[in-house]
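Welcome! Please take a moment with the sequence and the 3D view below, and then we can walk through a few parts together.

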Amino acid sequence: RFFIIMRIAVTGGNGLVGSSIKAIAHQYPEHEFVFLKRSDCELASRMAVMTFFSSAYNRFDCIIHLAAKVGGLFMNLDSNVEMFSENIKINENILFACKKYGIKRGIFCLSSCIYPCNPSRFPMDESMIHESPPHPSNEGYAYAKRMLEVQCRQHNKAYGTEYICVVPVNLYGPYDNFSIKNGHVIPAIMNRFHGEKAKKDGKFTVYGTGRPYRQFLYAPDFAKIICDVLLDKKYDNTEPLICCNDETTIKEMVGTLAESMDISVDKLEWDTSKSDGCMKKTVDNSKLCKYYPEFKFTSLQDGLKETYKWFCDNRETLRQ
Ligand code: GFB
């Protein structure tokens, strides 16, 4: 039996990234990962968070803070008020508990969508998070997450903590939320198209013009980066770290998605009455490549194939 070196709390433990970390936790046997899910602790409640972390059973050396109220473009357009208020409470409560119970090192998850929508230059790097306002479509979520970056930096300065903000781009993969209404683009379309495939005259409609650019990161790749940054100490500073892969357009991505679902691309229709959201939010992964030059990203084609296989195998139990 190993002597456990560190106990690591993972909030959002049942989510897209939390589940991908659960799938690889065995690769770090000298550490104990504890996966918190919604029913363990309502993180937006200060009382619930203090009760949970005050228990002698819930003492941790590190935290991987993934829990957030998240959704795709159309959910953000509908609920900017809740996206700000819920996420700001979750982050404030988690950081308060970290300080009170001595959790000195952690990974805190931001997102490339919090970046300026009209930046001074592309690609954007880690220094540009606060350069100018985010896209109006998700300003609630974006400002809550921008405050998380401010709070982590202030805790590091004031208390000598090592809170590292990681900045993924659009994530997708197994264990995602496949809600057609509130999901992100890949799971939402995958679920909608799967249903249309079952019909005789299925309609394969994509929202918007397909012109926006996006970078997609396979969640299992992101899970590996998070664990390595937290545990291998190669990343020897506490500055934010962008985690991304190549850029594509929504049109190109949907073409690859259709292929992975055996849907002919000339069946695709575009509903341009629906919003495109932000047109371009390209971020730069030079820093990540400097620290992890050997990291191999999963290609969009392989990631989509693996995700669709998981989707079909888990139809009865997946979140939607
Ligand atoms: O992943 P998504 O919903 O959010 O992608 P964002 C939206 C893009 O996909 C827009 C197009 O260009 C949409 O026009 N799209 C096409 C669709 N069909 C669909 C569809 O059926 N559903 C959806 N959802 N989109 C998110 C933020 O922005 O970025 C989140 O809202 C998160 O907070 C994420 O941080 C990283 O990429 O626009």
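In what order do the 3 strands of the open sheet with mixed pairing come? The order is β6-β8-β10.

## Before we start

This is a predicted model, in which local features need pLDDT of at least 70 and side-chain atom pairs count only at pLDDT 80 or more, while totals for chains, interfaces and linings use all residues. Residues are numbered from 1 along each chain as its sequence is written, and side-chain values use heavy atoms, with hydrogens and water left out.

The names of helices and strands come from DSSP runs numbered from the N terminus (helices are H or I, at least four residues; strands are E, at least two). Two strands are said to pair if DSSP finds at least two bridges between them. Strands of a sheet pair through backbone hydrogen bonds, either parallel or antiparallel.

## The open sheet

In the open sheet of 3 strands, β6 (170-172) and β10 (247-249) are the edge strands, each pairing on one side only. From one strand to the next, the twist averages 50 degrees.

Strand β8 (residues 213-218) is joined to β10 by 3 bridges in the antiparallel sense, and R214 is found opposite T248 in β10. Helix α7 (residues 219-231) packs on the sheet and touches β6 and β8, and its direction makes about 65 degrees with that of β8. Contact here means heavy atoms within 4.5 Å. Angles run from 0 to 180 degrees between N-to-C directions, and axes are lines fitted to C-alpha atoms, for helices over the stretch in contact.

Buried means under 20% relative accessible area, exposed over 50%, and partly exposed in between (1.4 Å probe, protein chains only).

Strand β1 (residues 6-11) runs parallel to β3 and is joined to it by 4 bridges; A9 has I63 as its bridge partner in β3. With strand β4 (residues 105-109), β3 also pairs in the parallel sense, over 4 bridges. There, H65 stands opposite F108 in β4.

## A threonine in a loop

Between α9 (286-291) and α10 (300-313) runs a loop that holds T298. Is T298 buried or exposed? T298 counts as buried because its relative accessibility is 18%. Apart from neighbours within four places in sequence, T298 is in contact with Y218, D221, N245 and G303.

## Two helix pairs

Helix α8 (residues 250-260) packs against α10 at an angle of about 45 degrees, and their axes are 9 Å apart. The two are therefore oblique to each other. For reference, angles under 35 degrees count as roughly parallel, over 145 as roughly antiparallel, 65 to 115 as roughly perpendicular, and the rest as oblique. The contact joins M253, T256, L257, E259 and S260 of α8 with L300, Q301, L304, K305 and Y308 of α10.

The axes of helix α2 (residues 46-54) and helix α4 (residues 80-100) come within 10 Å and cross at roughly 30 degrees, which means that α2 is roughly parallel to α4. On the α2 side, the contact is made by R46, V49, M50 and F53, and on the α4 side by E92, N93, I94, F96, A97 and K100. These residues divide into 6 nonpolar, 1 polar and 3 charged. In this grouping, Ala, Val, Leu, Ile, Met, Phe, Trp, Tyr, Cys and Pro count as nonpolar, Asp, Glu, Lys and Arg as charged, and the others, Gly among them, as polar.
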